Amino acid sequence: MTITQIIGLIVVLVVAALLGFLILRKSKKNDLTKWITLFIFVAIALTWIFSYGYFNGTEFTDYGMNQQGITDIPNLLYYSINFAGDKIIFLLALGALYAVLSKSNSYKSIVTSIAEKFKGKEIVFAIITSLLITIMASMLSQTFIVLIFVPFIISILLNMKLDKLTAFSVTFGSVLIGLLGVTYGGEGAYWFNYYTQTSATTAILYRLIVLVVSYILFNFFTVLHAKKVLQDKKLNEIDADPFKFENVDKNSKKWPLIVIFIVLLFLMILGYVSWESIFGITVFNKFHEWLLGLSIGDFAIFKVLFGTLAKDAAFGSWNLFHASILLVIISVIVALVSRIKLDELIDSYAEGFKKMGKPLALFVGTYMVMVAVYMSPFLPTITNAMFSGLKTFNPYLVSLDALIANIFHVDFGYTGYVVAGYFVNTYGSNVEVIHTIFSTMYGFVGLFVPTSSILLIGLSYLDIDYKTWIKYIWIFIIALLVILLILFTIMTYV
């Protein structure tokens, strides 16, 4: 780095730190909005300090400065919505589904019945639920799919008289733990492996260790907090549930919705586990080819009925558009089963869209941070400055680089394209530790840095301010960082 770059970086970091300190001290409302705005500012400011760089294998090319300015902000917003379009549609469909469910007496009865059944066993329910969510987030190819059951579980936990911090930890927090110890799934993992020429099984044992250790440690803190909450008999945070409901009819038939939920869970597992690419199971692809090939004369029945999305809709290769369609269909079925009128159904959709508004706005903000870096890729320049001439593999510097990259990259696959491929090509004998460092750092950053899409969606959904979350999680973050660095040390030097 040049002296000018060092001075510029120090100025940006100092200004960002001061603004962050003011947000922590003074903000009581909309602090998540202020945090993501701050990081958008930092990303844009860094394009004025570092040049546009690119790695081709081990070769670095400097393309000069490509500063982002005020007039680029609408462009960042446009491309953010474009890049995140599938997730935006999914979240809207999810909001619509739960707005409809909250009008269903059967759904209300199921939630309250489960809460009552586990009265006195709230901790057991929280631990088991957290485990299931963690495993799914670690295994499924699309992380956002795990969110399908999150509003349902949050409603149960809040009806159990647990607080919204516990509800967040058990649900959104467990999703982030699953990403931290990602195994055969994970958001962006396919493209990360593609660009680094690795696979889902690379360092799988080490990542499984991270998954188990982080799950146990995280739930240790969750249980401690939940026990304190349960001792306060007066605490009731049911109003924190965006889809809260009243007037429960416990005599309503539960079985139709139970069947729908079981089928939905079954389809999640079938659709979002990479059966062929990872496990070599081809039966679902063959079944899909057979199904689309069914025809009457020249008329392909299911190919025409399902539309163009059906082409890549074999179980194991579903994307978020498939899930969005499924959620809309289920919401209509729920309306029919629950005898919800058409006008009320449409009003419920509008209500669900509205309640997902703030989480969606913050989510788009996380992509604006990444798009600023995408338009002016300065991370390769920083990486080149840190590692140029360094012949010996240093797991701590690589961890720092991975941490910086994942702060600005909500898309893990893009991290593989921009910098991780360079490390694999440069330090070929350390591929397993490189893979472990980058995958775990992605989940690690997601737990506490306000550029994490899952983090911001969850905090906003439950109206938890960032300061409250940091006060809750900081000891776990420090303990986990120490554990990860010990693991990276063992992998490198033992």
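Colleague: Where is the place of Lys 161?
Modeller: Lys 161 sits in the loop between helix H7 (150-159) and helix H8 (164-180). Helices here are DSSP runs of H or I with at least four residues, strands are E runs of at least two, and both are numbered from the N terminus. Please note that this is a predicted model: local features need pLDDT of at least 70, side-chain atom pairs count only at pLDDT 80 or more, and totals for chains, interfaces and linings use all residues. Residues are numbered from 1 along each chain as its sequence is written, and side-chain values use heavy atoms, with hydrogens and water left out.

Colleague: What is phi of Lys 161?
Modeller: Phi of Lys 161 is near 75°, a positive value in a residue other than glycine. Most residues other than glycine have a negative phi. Lys 161 is partly exposed, because its relative accessible area is 40%; buried means under 20%, exposed over 50% and partly exposed in between, with a 1.4 Å probe and protein chains only.

Colleague: And where is Arg 339 found?
Modeller: Arg 339 belongs to the loop between H15 and helix H16 (342-355). Its phi is near 60°, again a positive value in a residue other than glycine.

Colleague: Is Arg 339 buried or exposed?
Modeller: Arg 339 has a relative accessible area of 77%, so this residue is exposed.

Colleague: Let us move to H15 itself. Which residues does Leu 326 touch?
Modeller: Leu 326, found in helix H15 (residues 320-337), touches Leu 264, Leu 267 and Trp 318, not counting residues up to four places away in sequence. Contact means heavy atoms within 4.5 Å. Leu 326 counts as buried because its relative accessibility is 18%.

Colleague: How far apart are Leu 326 and Leu 179 in space?
Modeller: The two are 24 Å apart, C-alpha to C-alpha, and 147 residues apart in sequence.

Colleague: Now a polar side chain. Which side chain has a polar contact with that of Asn 219?
Modeller: It is the side chain of Ser 130, at 3.1 Å. A polar contact is a pair of N or O atoms within 3.5 Å; within protein, one must be able to donate a hydrogen and the other to accept it, and residues adjacent in sequence count only if both atoms are side-chain atoms. Asn 219 lies in helix H10 (residues 204-231) and, at 6% relative accessibility, counts as buried. Beyond four places in sequence, Asn 219 touches Ile 127 as well as Ser 130.

Colleague: What about Ser 80: buried or exposed?
Modeller: Ser 80 is buried, with a relative accessible area of 0%. This serine is in helix H3 (residues 73-83), and a polar atom of its side chain lies 2.6 Å from the backbone oxygen of Leu 76. Leaving aside neighbours within four places in sequence, Ser 80 is in contact with Val 364, Tyr 367, Met 368 and Val 371.

Colleague: Turning to the whole chain, how many helices and strands does the protein have?
Modeller: The protein has 23 helices and four strands. Its radius of gyration, taken over C-alpha atoms, is 23 Å, close to the 23 Å that the globule rule gives for 494 residues, so the protein is as compact as a globular protein of that length. That rule is 2.2 Å times the number of residues to the power 0.38.

Colleague: What share of the residues is buried?
Modeller: Buried residues make up 54% of the 494 residues.
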